[in-house]
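Let's take a friendly walk through this model together. Have the sequence and the view at hand as we go.

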Amino acid sequence: IVVHPMEEIRMVMTVFFTSSILKLPFISVDVPVFPTLKTGTSTDINGIFTIDEVKKTIITIQISFIGYTAIETTIDISKYPKKTFYLTESHYQLDEVVIAAPTGKLQKSTIVSVQHQKLEKLQVSNPLTLAESISNLAGVAQNTTGVGIGKPVIRGLSGSRIVTYAQGIRIENQQWGDEHGLGVGEIGIGSVEVIKGPASLLYGADALGGVLFFVDEAYANHNTSEIGVQTKWMSNTLGSSTDITYKLHQGKLKWNLFGGYDSHADYKIPNGKRVKNTRFNQKNIKTSFGFNTDNWVSNLRYSYLQNYFGITEGANYSTSTKRNFELPFQIINNHNVSFENNFSFPDSSLKTIVGYTSNYRREFEDDKTVQALGMYLNTFTYNVKWGSPLYKDVFDFLIGSQGMYQTNKNNGDEILIPNTTTKDIGAYVLGNASFNQVHFQTGIRLDQRTINAQQTQHIAGLQKTYHGFTFSGGVAYQQESSKWRANISSGFRAPTTSELLSDGVHEGTNRYEKGNALLSTEKATQIDVAYNYNSEHFQFSINPFYNHIKNYVFLSPTNTQINNNPVFKYSQTNASLYGGEMGMHFHPHSIHGLHIESDVSTVFAKDDAGNSLPLIPQTKINSMVSFEFFKKHSFSVSKIYLQHIYKFKQTNVGAFETPTNSYQLVNLGASFRIKTNNQPIKMNIGVKNVFNTNYIDHLSRFKKLGVSNTGINAFFSISYSLIRKISK
């Protein structure tokens, strides 16, 4: 394949098909993630590269070149083994090529709207956690405990209603608990994809509120090695973060290795005091091995994440910057292993993934050598799906099955939930049909969950089986610059062991929680409509939704206390959540480097009696003005930005909540590049909360303590990658 013209402007050549290799230009390589091989190669100086390691005959090619209009076309390579493309000059292309990682389809060809963003862009303002990074997306927020613990909230739903995928497998880490984090480290992650609303059909039971799909960084380009180092410093927590990357791709073998360490002292609020025992640190190791033949691609991945979190029990302050952990604190160890195999046939494909996750959570309250709480969660999962041939160039379908075997064991003095075995099995079929500019998709799924909990001294045993039936259907209409999507989807979630049987104090929450063994399954139905407009200089989107949840599970106060802790009990009601997101991106023709972006997201949630549900995020407007510089000198500024976040007053509060005042934050920063003989050295510098605003977010779990969020925070980061070509 030859691409003309080859100029000094960076060009990205991308080839997508079931068992292909991602091809990229020889100039500045920016690797988008491809769901199968996750790698690339370089064109030569004449703009020529070859497609190898593939047995498919019909492939879809997407070519995008900064300064030129993108091309998307389908080619039968058995008829056209060689082909030349000519790109038409244009000023700027706002939209990027996005592949929905689980399906391998271009986003413009999918029915469900997948919000995709590179992690590098989400981290422009140097967030402290992965959960904080993705909270920059429209419709996504986070429940926070200090600065080290954050749990994503999608359109007002969080916890066990959000399913998280990393390394291609479902991540299980006692996500019902508010007092520990996401359980996924940021190293080795290239981008994140968010599906808002019920997505149980493809992602399994519990994906009632949405899905977070973290896409791994790509392997190095073909016959290339890469070494990278990145270090960050933050003034507020006196924090530091260091990541090291090594990548090797030679022949059919690929290897990635990542390592990272973060350390932070107690965070500082605007009055200069530090919130006692909010310190945390993190150790993260991640590696992956890839191998491929003509019709088989295999990836073996492993990650280890260890978190130390201090536990704050009251509005206590200090001036100490010590990092040694004081009682109480918790240690969380996560091991994740996945083995993925993709088999490509001339007309169909088969994908299998088996996974194992180990989550060991320990809390120390009175003695650093004796754990008061120990919960050891082991989860085995499988995911098998077969993609059919394309019939008459119109129709294809996907058949799949997912399952889980999970055990939870206690080995501490306290028992919040009993030893439990959980078994899941599900099967689905999903059909797609395309007629020129109109695409249809529909599917059904059946699930079964069995919970077997052992009796303890103060908690009764339980054996229950729950069944779920879910469906989805949608249509998309694509015009030259516009796309309409309309979907209706359902979700199913069985009650968690915590909701059914918990009986104890959650130290990080400062409340006594009592389960309810009579809870029924939650059943959600969402109607979702989206409109996207993309032109050369302007992008606009609007995405309203309505989500009705039958048997919505929530915690309600009982107005009683046990050992001076307020008692909350799980109850159920019917609930409705509605709202949406709207955003724009303007790039004026006359000012080449200027970008103006803004989005607004809002959600309202009430039960059938008209009462507001608790823990619903504030309406948010997130705006950014940035300017990119294209001239490259030995030392040059590559980007400057100003970000403004405004959150409205939250007066729609639950029975045990209080209203939250509005607030606004201003962040600013700049990026620099230092030219070297290899890759440039990149530096970022900036300030978050420039005006040291004193505020408390509605989803902060310190709100009831009257403890403010972080004050002003200056940051600096520097990164460098060394890329070398390996001779064949």
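Leaving aside its neighbours within four places in sequence, which residues is Val184 in contact with? This is a predicted model, and in it Val184 touches Leu130, Thr164, Ala166, Ile171, Ile189, Phe214 and Leu305. Val184 also belongs to the largest nonpolar core, a set of 19 residues in which Ile134, Val184, Leu212 and Phe214 touch the most other members. At least two residues of this core come from each of α1 (119-122), α2 (130-134), β12 (162-166), β14 and β15 (210-216). Strand β14 gives the largest share, three residues. Apart from this core there is another, made up of 16 residues, including Phe280, Phe309, Phe702 and Phe715.

Let's follow β14 into its sheet. Five strands make up an open sheet with mixed pairing, and their order is β8-β14-β15-β12-β13. The edges are held by β8 (115-118) and β13 (169-170); each has a single partner strand, so one side of each is left without a neighbour in the sheet. Strand β14 spans residues 189-196 and pairs with β8 in the antiparallel sense over four bridges. Look for Gln117, whose bridge partner in β14 is Val192.

Now turn to the surface. A nonpolar patch with about 1,000 Å² of accessible area together is formed by Ile399, Val429, Ile444, Leu446, Phe469, Phe471, Ile488, Ile527, Val529, Tyr546, Tyr578 and Phe604. Two or more of the patch residues come from each of β28 (438-453), β29 (462-478) and β33 (522-534). Tyr546, for its part, sits in strand β34 (residues 538-562). Tyr546 counts as partly exposed because its relative accessibility is 39%.

Methods: Residues numbered from 1 in each chain as written. Predicted model: local features only at pLDDT ≥ 70, side-chain atom pairs only at ≥ 80, totals over all residues. Heavy atoms only, no water. Pairing = 2+ DSSP bridges. Patch = residues over 30% accessible without salt bridge, like charges linked within 9 Å, V, L, I, M, F, W, Y side chains within 5 Å. Areas by Shrake-Rupley, 256 points an atom, 1.4 Å probe, with all protein chains shown as cover. Salt bridge = Lys/Arg side-chain N within 4 Å of Asp/Glu carboxyl O. Buried < 20%, exposed > 50% of the residue type's maximum accessible area, 1.4 Å probe, protein only. Core = buried A, V, L, I, M, F, W, Y, C linked by side-chain atoms within 4.5 Å. Contact = heavy atoms within 4.5 Å.
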